[in-house]
Amino acid sequence: MTSIYSEIGLKAGLEVHQQLDSRTKLFCRCRSKLFSGDPIITFMRQLRPTQSELGQVDPAALFEFRKGVRIIYEANDESSCLVEMDEEPPHPLNREATEIALTVALMMKAKLVDELHIMRKAVLDGSNTTGFQRTCVVATDGEIDLKGKIVPIQHISLEEDAARKMEEADSIVRYRIDRLGIPLLEVATAPVIHSPQEAQETALAIGQVLRATGKAKRGLGTIRQDINISIRDGALVEIKGVQELELVSKIIELEAQRQLGLLEIREELERRRAKEKDFKDDFRDVSAIFQHTECKIIREALDQDKRVFAVRLPKFADLLGRELVSRTRLGSEMADIAHFWGRVGGLFHTDELPAYGITNEEINKIRQHLEAESLDAIVFVADNLRNAKDALKAVIRRAREALKTVPEETRGARVDGTTRYLRPRPGAARMYPETDVPSFRLSADRVEKLSGCIPELPKVRISRLVEDYGLNTKLAKQMVDSEYASLFPMIVKESAVSATVVAVALTETIKALKRDGVDVERISDTQLRDLFILIGSGRLAKEAIPEVLTWLAEHEDDEGEEAIEALGLAMLSRKELEIAVEEIVRENTKLVEDRRMGAAGILMGLAMKRLRGRVEAKQVGELVKKQLKKLVG
Amino acid sequence: MSTAFSGYKRRVARILEKAGAEIGDVIQITRENDVIEGILIPRSGSNDAKHVTVKLSNGYNIGVRITPKTKIKKVGTGPKPAFTRPPLPKQSMDLPKVVIVSTGGTISSRVDYRTGGVRPALTANDLYSVVPELSEIAVVDTDVISNLFSENVTVKHWRKMAAVIAKHIKKGLAGIVVAHGTDTMGYSAAALSFALQNLPVPVIVVGSQRSADRPSSDAATNLIGAVRAAAYAPFAEVAVAMHETASDETIIFHRGTKTRKCHTSRRDAFRSINTSPLARMKNGQIEMLLESYRKRGAYSKLILKPNFNEKVALIKFHPSIDPNIIEWYVSESYKGIILEGTGLGHVGRYCFSKIRDAIKNSIVVGMTSQCLWGRISMNVYNQGRDLLALGVIPLDDMLPETALVKLMWILGQTDDVEEAKSLLSMNLADEFSRRTRIGETA
Ligand SMILES: [Zn+2]
């Protein structure tokens, strides 16, 4: 495996972003809590690109602004204040979050900076009300130990999380600002990872360290990875927002494959002697050809007084439709790019036609109209003049790039590990000082104090779980990897339930439920603790754990008591249990006669099924045997 | 070397000087156990002389502690920042003419990334480069008369503003925009309301609450609204233009004598008090909110009365205030005192004798309320009736700050105490409203 990737010169770097579970947000004293339901206030803003430190304006940002994008923000009172609305200057940096960040830095043997400087990183998509994200480096030059291989950590920084995008339509984007300002720890590795497998292991190892602090938030979206990937002759591509750790290796494999595919297209274009100068912004109105079209999309567009514009891509035939990786063709890449620059809903290209009700006759007419030769492809869009022009200009730009190189870009991860074009990569110089928050010195005292209470590293922790709690190594490892790692000792201590039972529930059971589609992220720590206290006090059987968890996931505000009631899981008394077992034995007299003591297993199964979750298996076993002995002597 | 402006002090300044390192240079800092390389960045605000700020290659700044063993070496020159002006928009010359008189504040500034500070946009072209939309609204000219934080604005500057505005109006134009810091913008707007009489065109005073160095700044939206109103609004009054809400949706115009900054940081910090705002702008359309207003073009000739007398004080009454404060003003030959009394217009009886002395010494004394909302009524209680008997002039629903500015202006026009008193009670620039609307509340 590794050799293939070293052959193509794969280089990857990871940026792991982890929400911290501090009491309040990074620059205000709001709680870090998302809300559902209707917002109590909405407000509209427009962001205006400002010049960077070096006097440049990000062209993509400027373009967005000229299109007049309006951003609607939603807020409620509990999770946001005037700071998130950008109506009040930021408060001083959250101390608790800073200490968590410093602790992580110490665990990764990084060098703490002497003085923290808060920076503004320009972000113009509306996800930050200010138009920038506040961020600061807390340490540099750390390392993460990957079973002997050391992966260097370039920097560890503390930043504010962005607002949540709720909706995007035409030129309106809707964001919710509850998430804005939640402390986010960023751990960035050097781009020295050379295989997808190694990337996955690195991500896992970083995640373990973060969780070891006991201050990492958990649940969907609380950890997000960005991956930088390049291959030899390819380009640096940044893939954003990978929420599932398990996807890291797949994404890298697919991206390497995508870049290789693009390089093959480049070679093919070279063979076909495609020339950059032949790609012209020569857009033709071909609406007349579609006067009587059967194509619904075009029909609707024409009815709304939109027009169809086409452009010729010399020597591109068959290349737009060629599959790079699943769900990705150069044609679909161009469609995403056209959407970004021209806000068009989609585009048609001759490689995928005839289809969508567009006939061969119509295609031939367009080909004639554009004087296309057989090796040429044609791309067309149906929209108003301005959008169509912006879209086709972007298509031509992309086609020209295809002759030369793989373009640098920012892509978004899909849940299946494929990615799609998001936007051009932002320029380098988009950081400037946050003048509203003073810089902040780390005293030697404070560093010393923090150094004195560093949480155990995962390896140490695993062996301690084995020794102190009697878990087997596999389970101990799973427990350390788990989001519930810090909850585990607390539950064992307060519930007196066997450590293995707790660990299995918090790892295997929860994983299995998640696979079955149960929204386990919604179960709160309090609910979990409460559940085990009920088991420990003998009021609930441990066999009922999966059922109760499933119920709790759907009843956020309720606790174990309610689950017991709703599910009819109240434990049977010894007397009730005896009666029930007797009954089952009586119903199966034939079986008992046939198999004598050998019937115990089957009877036990029947009893457990009937009394599911309301009895302890051990007790049932004892009673079944007792009854059998009585009957068969 | 240039560290004089860089914020570096004492020992660190000397080390940098010895290394020959200037702001923007790439430096290498060698310490006991590490080496850090980055661009030397200016330090701001602190008296610290132990740290150097550098920009790392990833764009982040960090502070590096300098110990006696630290060595600094200059290893290169960084990219020199420069303000590259985007291509100027085309100006169509048949649009109305608007002059932006700039006094300072974040509204008329752009960022200087070298220092992280802001500096004024000096010319129309500077402004166009930051807010290109202006060129589609009006032919804009700029006149920078000062570059002040608004807390540094004084009576002297009001006089200058009024005179410069009058000069431009006499040359003929569609309207004036005054760019101003928001802290004392309400005072200046009131001052212009009295100093510029029979206005033929609107004078729009505009500020911003978020500085222009952030993409979310309200400066551009407010400025566009102000220029549009100056060019096209049907009213010819002094008005303050700011956000109406937290949204970039509407710009609201407050009458210069009836408005006040009521919030430290929100975009909609300004409120009209005891009256409705004058007008609202949405999607570039102006809607009048008051029925009675001074119409554009009703007068053809402006009357300029730019003189103010600084010998007027605004005294906020509070429990246990020392009445000798009033005596001090008398001894300093003050000509007027505006009292910001409690509730309906009261001060403690222990102040009465000093107030009586002041009035005997030909000081004009007016009463306003620290409640801001509502009007005073000094006939309801004995305390009030006695103050009236002393000769205190009740100022109805006038804002305390407006009353101060008005009395300064009156005493800049006349030395006659009786005339001054009668002018103080007269409605000159809509500083009084005759009715308190039902919906009028804080
Ligand atoms: Zn807040």
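Student: In what kind of crossing does α7(B) pass α8(B)?

Tutor: The crossing of α7(B) past α8(B) is right-handed; a crossing has that hand if the near helix is turned clockwise from the far one by less than a right angle, and is left-handed if the turn is anticlockwise. Before we go further, please keep in mind that this is a predicted model, in which local features need pLDDT of at least 70 and side-chain atom pairs count only at pLDDT 80 or more, while totals for chains, interfaces and linings use all residues. Residues are numbered from 1 along each chain as its sequence is written, chains are lettered from A and ligands numbered from 1 in written order, and side-chain values use heavy atoms, with hydrogens and water left out.

The confidence values come next. The predictor gives the complex an ipTM of 0.92 and a pTM of 0.83. Chain B has a mean pLDDT of 91 (the predictor's confidence in each residue, from 0 to 100), with 92% of its residues at 70 or more. Chain A averages 90, and 97% of its residues score at least 70. Helices (H or I, at least four residues) and strands (E, at least two) are DSSP runs, numbered from the N terminus.

Back to your pair. Two packed helices are described by the angle between their axes and the distance between the axes. In chain B, the axes of α7 (residues 352-360) and α8 (residues 382-390) come within 10 Å and cross at roughly 25 degrees, which means that α7(B) is roughly parallel to α8(B). Axes are lines fitted to C-alpha atoms, for helices over the stretch in contact, and angles run from 0 to 180 degrees between N-to-C directions. Angles under 35 degrees count as roughly parallel, over 145 as roughly antiparallel, 65 to 115 as roughly perpendicular and the rest as oblique. On the α7(B) side, B:F352, B:I355, B:R356 and B:I359 make the contact (heavy atoms within 4.5 Å), and on the α8(B) side B:Q383, B:D386, B:L387 and B:L390. Those residues comprise five nonpolar, one polar and two charged. Here Ala, Val, Leu, Ile, Met, Phe, Trp, Tyr, Cys and Pro count as nonpolar, Asp, Glu, Lys and Arg as charged, and the others, Gly among them, as polar.

Helix α4 (residues 196-212) of chain A and helix α5 (residues 248-271) of chain A have axes that come within 8 Å and cross at roughly 150 degrees, which makes α4(A) roughly antiparallel to α5(A). This crossing of α4(A) past α5(A) is right-handed. From α4(A), A:P196, A:Q197, A:A199, A:Q200 and A:A203 meet A:V248, A:S249, A:I252 and A:E253 of α5(A); five of the contact residues are nonpolar, three polar and one charged. For helix α18 (residues 574-587) of chain A and helix α21 (residues 617-632) of chain A, the angle is about 50 degrees and the axes are 10 Å apart. These two helices, α18(A) and α21(A), are therefore oblique to each other, and α18(A) passes α21(A) in a right-handed crossing. The residues of that contact divide into seven nonpolar, two polar and five charged.

Lastly, two backbone details in chain A. Most residues other than glycine have a negative phi, and most peptide bonds are trans. A:D86, not a glycine, has a positive phi of about 60 degrees, and a cis peptide bond with omega of about 5 degrees joins A:L353 and A:P354.
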